[in-house]
Amino acid sequence: MSEASLYQAFSTVLKRDLTLAYRTRTEMVNPMLFFIIVISLFPLAVSPDPKVLQSLAPGVIWVAALLATLLSLDSMFRSDFDDGALEQMLLSVHPVSVLVLGKVLAHWLVTGIPLLLLAPLLAVLLHMPSDSIPALMTTLALGGPILSLVGAIGVALTVGLRRGGVLLSLLILPLYIPVLIFAANAVSNAAAGLAIAGQLYFLGALLALALTLAPIATAAALRISLR
Amino acid sequence: MPLTDRFPSQSQMPESTPDKSTPGLTVKGLTCARDDRVLFKNLDFRLEPGQALQIEGPNGSGKTTMLRILCGLTLPTEGEVLWNGLAIEDNRAEYMGAMDFIGHAHGIKKELTPMENLQVAMAMANTRPEQSLEAVLEKVGLRGFEDVPAITLSAGQCRRVALGRLLLSKSLLWILDEPFTALDVQGQAQIESMLVNHVEQGGMVILTSHHPLALKDGMLKIINLRP
Amino acid sequence: MWLFFHKLGSPKYFYDLSGKFLPWFGGLTLILMLLGSYWGLVVAPADYQQGDSYRIIYIHVPAAWMSLFVYIVMASAGAIGLIWKMKMADVVASCSAPLGAAFTFLALVTGSLWGKPMWGTYWVWDARLTSELILLFLYLGFMGLEAAIDDKRTAANACAVLALVGVVNIPIIHYSVEWWNTLHQGSTVARVDKPAMDVNMLIPLLIMWFAFMFYYGTTLFMRARNEVLYRERDTAWVKEMVTE
């Protein structure tokens, strides 16, 4: 199979999912609202004191981003599973992992990017120093795709199950821990004026690993789930 | 080496040397059990170009499972399915290029128009059709509905879009699960003539239906799955 | 070797063979455990810093080692089941999960009990304890997924994919947690520098480790034999054995 047709398959899936997301755009807003609401709960629950919020902010924003992603993951394969499009994907002449990659990219563009764009606003709400905002956005740009890629494996494993939602969080949240550690730490360091290159390299390495292995695992998981 | 297990041995290779010159689907010793219940046991048959196979049986007798096994989505408990003499899992790329499956859930996205649905299907099948998409939609009786979202179409019209996929791809083998569901009398006749035409031109059709196809003797095989 | 491997994949062969090994494994577990406990609790000298409280390592350390070992066994068995479609491998993976989770839980409980005299608190966000906790989540996820899927073969394959993903992630999680911990070391109680271990302390530790290995082997065989009988309940050999 030629590279051109592989690229065509990838872009078809990407374009299709973006079109679908655009036509159901009201659903897209939910993870973002969730992100904002969860973050606005912290000053109410802990303390509105800027010093306290400042120290919590990197972790809180990252945990909220993690949960918002988790919430949006279910939609990645759900409707395709229900209407049979997922079967057609598995029966396509193209490698399923390439099609999966298209879907994951679409998912990140539709949910990861809005979270990334909302982050500066929330950082201001939590009194983060403005020098750490670029670091926050960089970690979200590197870490966000990892969340979508690893999450896809979990969704693929639970897509056929009636009560997959809670199980999904049990399956993938432990796998998110390294991303959370490096990303939140990078942001805290940036806020304290320390170097963050090391953490970013780690995130980059994790992204490279996830990008190569996760689509294969997701494709295998989809085949198993659809039996 | 006598193996006293009932599991398929891994070293099972087709006894006859693969013969690429005669295309066809061969089924050997196919057995499927679900939760202690044997759906079918030791089925053997062969389907060649210019033949159709109709699978009959009451609800719950395993018709859909059988079709899913034949297209490689589900694994049989025992036995194997060969395409052109090679097990379908070893010959996936070729088999997927030669086979089209329309299941009970037909994979039509509700948010896309019939045209867009067919475009996606075409990219997934990696084919360049001889006829235009408009012509295909006209053949399945959807003229004038090209650009409305599929959500506004009736169940029967959606099924027509799905069946239109068959005309686009140049697949030899069509595997169809209850293709006449939700179609009106006129639609049933249209689709039936489409299937008969395909077989008479050297194609192959496997379907589950209670509706007998008007084919000459020798062209139609029937398997009855009794519980 | 291949022949043996292939034969082992046959449930009946496994059942017969494991039946012969089982008493030996059980006996060895008992002997090693008694020996190790006696040596560790009575013969081995007390630690010059921690006194007798360190003796919990004879449970804690082997359990922590086993928790990782069992996960690797589980993932390997899962991979074998996935690639060569060997059903015995599925059985081994599925029977290992609760055992591994139990070892992990034991390591966590003994770790936090040990923490009380050492750190003055039951729980410290120490790198090893945190890693064990995450490992426990991975085990629970595996068991949760297995329980959620009705079809045994589908469940086994889905869990195998999950275990393989987990195995790739365990080192990453482990090192990231370790790294995270060294950063936050100031907020937790610093670890006591470990002096070289007395031989009399080390030997019982190794004996206990072997005892835990054989315990795992014994319980795995017992569980796997039950599971085989259940999964093979329709076959002639099981029916024949039951009616005998």
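This is a predicted model: local features need pLDDT of at least 70, side-chain atom pairs count only at pLDDT 80 or more; totals for chains, interfaces and linings use all residues.

Student: Why is C:L113 called partly exposed?

Tutor: Its relative accessibility is 44%.

Student: What makes C:E227 and C:K152 a salt bridge?

Tutor: Their closest N and O atoms are 3.1 Å apart, and the criterion is a distance within 4 Å; the pair therefore qualifies.

Student: Why is the pair said to tie together parts that are apart in sequence?

Tutor: C:E227 belongs to helix 7 (residues 199–231) and C:K152 to helix 6 (residues 152–183) of chain C, so parts 75 residues apart in sequence are tied together.

Student: Why does C:E227 count as buried?

Tutor: C:E227 has 17% relative accessibility, and buried means under 20%, so the term applies. C:K152, by contrast, has a relative accessible area of 40% and is therefore partly exposed.

Student: Which classes describe B:E138 and B:R143?

Tutor: B:E138, at 41%, counts as partly exposed. B:R143 reaches 61%; because exposed means over 50%, B:R143 is exposed. These two residues also form a salt bridge, with closest N and O atoms 3.1 Å apart.

Student: What makes up the lining of the largest cavity?

Tutor: The lining comprises 14 nonpolar, eight polar and four charged residues. Helix 3 of chain B gives the most, with six residues. The volume of this cavity is about 370 Å³.

Note on methods
Residues are numbered from 1 along each chain as its sequence is written. Chains are lettered from A and ligands numbered from 1 in the order in which they are written. Side-chain values use heavy atoms; hydrogens and water are left out. Buried means under 20% relative accessible area, exposed over 50%, partly exposed in between (1.4 Å probe, protein chains only). On a 1 Å grid over the protein atoms alone, a cavity is a set of points where a 1.4 Å probe fits but cannot get out, and a pocket is an open set with protein on both sides within 12 Å along at least five of seven lines; lining residues have an atom within 4 Å of a point. Grid points are joined across faces, edges and corners, and a volume is the space filled by probe spheres set on the points. Helices (H or I, at least four residues) and strands (E, at least two) are DSSP runs, numbered from the N terminus. Ala, Val, Leu, Ile, Met, Phe, Trp, Tyr, Cys and Pro count as nonpolar, Asp, Glu, Lys and Arg as charged, and the others, Gly among them, as polar. A salt bridge is a side-chain nitrogen of Lys or Arg within 4 Å of a carboxyl oxygen of Asp or Glu.
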